Amino acid sequence: MADITGAMVKDLREKTGAGMMDCKKALVETDGDMEAAVDWLRKKGLAAAAKKSGRTAAEGLVGVAHEGNRASMVEVNAETDFVARNEAFQNFVETVAKLALTVGEDVEALKAAAFPGKSHSVADELVSLVATVGENMSIRRAAVVEVKDGVAASYVHGALKPGLGKIGVLVALEGKADEALSTLGRQIGMHVAATRPDALSIADVDPSALEREKAVLAEQARASGKPEAIIEKMVEGRVKKFYEDVVLLEQTWVHDGESKVQKIVQSAGATLTRFVRFTLGEGIEKEATDFAAEVAAAAGG
């Protein structure tokens, strides 16, 4: 049997919102398999359907930049929110975001690039900034979108200043590059920031995630005591709802609450080819002393 630790219980609770003892039992029943434990809780009706990510833990900034038909975005982390308001840190994030327009998405290549106006690399500049500010920092990730004919748009939620904030979205829209398309690109960015889609289209949905979802839905449907033929139809209907939750083009447009995103894009004579969403610190665990002690006590009980 796997050793079920307090950290594992804590992680499962953050992913599902289930109670600590239920999370511990799920991990025991699944021999410590985290994904199987999530499914176990959902089958028992003890967890939300779960897209829930861990609590945002890292601080810092998400920065975006544009040039012509390209847009870029980076996440640079620091230890405290105070640093995000530091002018030197903001300037660094802005500079790295602009560099990504030409260097690309590879973080290692980005760190190795020459820092503008200096005789050293981005990595060396970051070391200097760490020494000055007194906090650990890192360039976590980068993304670049590009269009042939159209608009590479962006949206930053909770911006401290233009192009810098806690949530950033890039959108690639092919079509007639005009003000209307630019406005639509920004609106799509706002929609993505609010709804957190996992995939652009149904074809882009991770097959393993879909199979897991179907298995959970089938188990839930069987619990109702319905015949298998009815269960199959129930699962089919619920999979459609699953797509409406996680697929951007299948979602309901937040700006009118009625239309599908796909219809909005088509009505503009455009094609949505890519989106990227960064939420500051998503997936990075943050210490929470009291909660950790609570979980450790439960796991050891």
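Which residue just after α7 takes a positive phi? Gly134 does, at about 90°.

## About the model

This is a predicted model, so local features need pLDDT of at least 70, side-chain atom pairs count only at pLDDT 80 or more, and totals for chains, interfaces and linings use all residues. Residues are numbered from 1 along each chain as its sequence is written, and side-chain values use heavy atoms, leaving out hydrogens and water.

## Helix α7

Helices here are DSSP runs (H or I, at least four residues), and strands are too (E, at least two), all numbered from the N terminus.

Val122, Glu125, Leu126 and Leu129 are the buried ones in α7; buried means under 20% relative accessible area, exposed over 50%, partly exposed in between, with a 1.4 Å probe and protein chains only. Seen down the axis, they fall within an arc of 100° (using directions from the axis to the C-beta atoms), so they line one face of the helix. Val127 and Ala131 are exposed on the other side.

## Aromatic rings

There are two aromatic pairs. Rings of Phe, Tyr and Trp (its six-membered ring) pair if their centres lie within 6.5 Å; planes under 30 degrees apart are stacked, over 60 edge-to-face, the rest tilted. Phe92 and Phe115 are stacked, 5.9 Å centre to centre with 10° between the planes. Phe92 sits in α5 and Phe115 in the loop between α6 and α7, so this pair ties together parts 23 residues apart in sequence.

Phe242 and Tyr243 make a tilted pair, at 6.0 Å and 45°, and both are buried.
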